[in-house]
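I wanted notes on the pocket, the core and the strands of this model. The entries follow in the order in which I looked things up.

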Amino acid sequence: MTILKMFVNGQAMSGGTLNHALSEARLLGPARTAASYRFFSVRDEFPGLHPVMEGGAEIDGEVYEVSYEMLREKLLPEEPAELELGVIALADGSGSFSMHMRASALTAPGVVDITAHGGWHAYLATL
């Protein structure tokens with residue numbers, strides 16, 4: 001079985017409403033993205049990363065070891081339509097699969113830039 005890294009930064013993190021989709025995954029621990037992303041809240045329901053050439057920041061999350069089967073059958077079916085699977089850069093120089101905002105979703109109603117908060121939990125604490 002092939003194992004890959006999956007960075008999560010929203011409801012799939014420990015304690016989140018989608019964390020059950022990672023119940024069979026191995027949590028490697030906390031991680032941060034490279035400073036190449038803006039971070040958005042979508043209707044205060046879930047967040048999304050979006051890569052930028054400048055003005056980005058490091059965003060907090062967690063990294064899990066997952067199988068392709070777990071990704072395909074458990075996590076991806078639970079993800080909102082505003083997000084898509086991609087590969088991101090982490091602060092330690094490594095890469096990881098992660099969900100990120102579709103460019104077309106950035107201007108949708110209820111999308112707010114929350115990059116300054118540095119992470120989903122920090123943002124939710126302000127609500």
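I looked up the largest pocket and noted a volume of about 160 Å³. A pocket here is an open set of points on a 1 Å grid over the protein atoms alone, where a 1.4 Å probe fits, with protein on both sides within 12 Å along at least five of seven lines. Grid points are joined across faces, edges and corners, and the volume is the space filled by probe spheres set on the points.

The model is predicted: local features need pLDDT of at least 70, side-chain atom pairs count only at pLDDT 80 or more, and totals for chains, interfaces and linings use all residues. Residues are numbered from 1 along each chain as its sequence is written, and side-chain values use heavy atoms, with hydrogens and water left out.

I found 15 residues lining the largest pocket, with Asn9, Gly10, Gln11, Glu79 and Leu83 nearest its centre. Lining residues have an atom within 4 Å of a point. β1, β4 and β7 are the elements that each give two or more residues to this lining. I sorted the lining residues into nine nonpolar, four polar and two charged. Nonpolar covers Ala, Val, Leu, Ile, Met, Phe, Trp, Tyr, Cys and Pro, charged covers Asp, Glu, Lys and Arg, and the others, Gly among them, are polar.

Met6 faces Phe97 of β7. Five of the seven residues of β7 are buried, meaning under 20% relative accessible area with a 1.4 Å probe, protein chains only.

Glu84 is opposite His100 in β7. I counted five residues between the two strands of this hairpin, and Gly93 in the turn has a positive phi of about 95°.

Why does Phe7 count as buried? Because its relative accessibility is 1%. Phe7 is in strand β1. I also noted that Phe7 and Ile88 are 81 residues apart in sequence, with C-alpha atoms 8.4 Å apart in space.

Not counting residues up to four places away in sequence, Leu22 touches Val8, Ala12, Tyr64, Val66 and Leu75; contact means heavy atoms within 4.5 Å.

Conventions
Buried means under 20% relative accessible area, exposed over 50%, partly exposed in between (1.4 Å probe, protein chains only). Helices (H or I, at least four residues) and strands (E, at least two) are DSSP runs, numbered from the N terminus. Two strands pair if DSSP finds at least two bridges between them.
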